[in-house]
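Please keep the sequence and the structure in view while reading.

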Amino acid sequence: YGLKPEERKEYKVRIPDIGKLFHDSMENFSKQLSIENLQWRDIDKNKSDEIVEKIIDEIAPQFGYNILESTHRYKYLVNKLKRVSKRAAWTLTEHIKKGEFTPSLYELEFGDRSISKVPPIIIELPDGQEIKLEGRIDRIDILENEDGSYVKIIDYKSGSKKFSLSDVYYGLQIQLVVYLDAIIENKDKLRIDDAHPGGVFYFRLDDPMIQSDDTDVENIEREIMRKLKMDGIIAKDIKVAKAMDRNIEEERNSLVIPVSLKRDGDFSKNSSVLEEEEIYGLINHVRNLVIEIAGEILKGNIKIEPCKVDNNVSCTYCGYQAICQFDKNFENNNYRVIRKLRDDEVLKKIESAERGETDAKMD
């Protein structure tokens, strides 16, 4: 932190660069709709593809000193970027057309900067010090009905990371929960009346290949939609689920959200649903995690102890291994091995912690 080391910059496109290009294309897509005074529900696939084509043609030459024009490999990457962005933009459009939620805010920044629309989340530590959580939310959709306003958070991902309550519990994946906390905490500033959590989701930016003997284009498109279904958690309320996918009662397995219904109309056990109080419990747990982590940082705890969940190790994509020099062959170099928890175990632990039971402290 003091030396501020940075990786040597090379004239090449890395995986994070590709992720940024995808993010930029989706951000500019919503801006272009606004410029042309169009609504997501008004456009067809041809118009969606046309907008994406225009956006990529504009951002590609400006990226990294025009590196995307430097080799045939990178020129091919631009074509792939167009293909994946077109698929993502149209899938997002279909998601919106299938529901009642309205995209309301894009790239919303919460923090202390002058461009931040809402203030940071301020968390007070036991010693009286304050820390500020800042961030940027890709998209916020709102549903207004007789019960109030429901908030849906969407974060675009170019990787294959899956939402996991176990990872949220251990503090490895708190992003979406912090985003939801920021919106509900600042509902008055955003003019959202009586805000309720509707759901938080990752949307994967991809154009998946489907292996099938079926030549029916409609069936293939359905399979692609299934592959690009949003991943996350939703409030356990059938009205909210129908507002995200109005076809869910008819089809029972949603192509939009990670939810399916039983014959009696209730949620199946495989559905990623939580009661509203359980979502608030998750938010409170993440706040307590932040207090705990911040306290360790301020104490100067810099022990080298990378997390290991199943076969996934924190070091895999780290650019600072030459500085850290973690090696299991060295004395006191050990992984922090984390046991994956089932969703019901996570909820039980959080509930126990709220009751003040001492054995509920995070492992």
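## Terms and basis of the model

A residue is called buried if its relative accessible area is under 20%, exposed if it is over 50%, and partly exposed in between (1.4 Å probe, protein chains only). Helices (H or I, at least four residues) and strands (E, at least two) are DSSP runs, numbered from the N terminus.

The model is predicted: local features need pLDDT of at least 70, side-chain atom pairs count only at pLDDT 80 or more, and totals for chains, interfaces and linings use all residues. Residues are numbered from 1 along each chain as its sequence is written, and side-chain values use heavy atoms, with hydrogens and water left out.

## The six-stranded sheet

Six strands form an open sheet in the order β1-β4-β5-β6-β7-β8, with mixed pairing; two strands pair if DSSP finds at least two bridges between them. Strands β1 and β8 stand at the edges with a single partner strand each, so one side of each is left without a neighbour in the sheet.

Within this order, strand β4 covers residues 135-145, and eight of its eleven residues are buried. Strand β1 (residues 102-110) runs antiparallel to β4, and seven bridges join the two. Between β4 and β5 lie two residues, and the two strands form a hairpin. Further along, β6 (residues 195-204) and β7 (residues 231-235) pair in the antiparallel sense over four bridges, with Val200 opposite Ile233 in β7.

Leaving aside neighbours within four places in sequence, Arg136 is in contact (heavy atoms within 4.5 Å) with Glu27, Glu107, Leu108, Glu109, Phe110 and Tyr179. By comparison, the C-alpha atoms of Arg136 and Leu261 are separated by 33 Å, and these two residues are 125 residues apart along the chain.

## The three-stranded sheet

A second topic is the open sheet of three strands, which has the order β10-β9-β11 and mixed pairing. Strands β10 (312-313) and β11 (336-338) are at its edges with a single partner strand each, so one side of each has no neighbour in the sheet. Strand β9 (residues 307-309) runs parallel to β11, and three bridges join them. Cys307 stands opposite Arg336 in β11.

## Two helix pairs

Two packed helices are described by the angle between their axes and the distance between the axes. Axes are lines fitted to C-alpha atoms, for helices over the stretch in contact, and angles run from 0 to 180 degrees between N-to-C directions. Angles under 35 degrees count as roughly parallel, over 145 as roughly antiparallel, 65 to 115 as roughly perpendicular and the rest as oblique.

Helix α2 (residues 45-59) packs against helix α3 (residues 72-97) at an angle of about 140°, with their axes 9 Å apart. The angle makes α2 oblique to α3. The contact residues include Val52 and Ile56 in α2, and Leu81 and Trp90 in α3. The residues of this contact of α2 with α3 divide into six nonpolar, two polar and six charged. Ala, Val, Leu, Ile, Met, Phe, Trp, Tyr, Cys and Pro count as nonpolar, Asp, Glu, Lys and Arg as charged, and the others, Gly among them, as polar.

Helix α5 (residues 175-185) and helix α9 (residues 276-298) pack at an angle of about 105°, with their axes 10 Å apart. This makes α5 roughly perpendicular to α9. The contact of α5 with α9 consists of nine nonpolar, no polar and three charged residues.

## Two loop residues with positive phi

Most residues other than glycine have a negative phi. Asn37 is not a glycine, yet has a positive phi of about 55°. Asn37 lies in the loop between α1 (15-35) and α2, and is exposed, with a relative accessible area of 67%.

Arg252, also not a glycine, has a positive phi of about 70°. Arg252 is found in the loop between α8 (248-251) and β8 (273-274). Arg252 counts as partly exposed because its relative accessibility is 31%.
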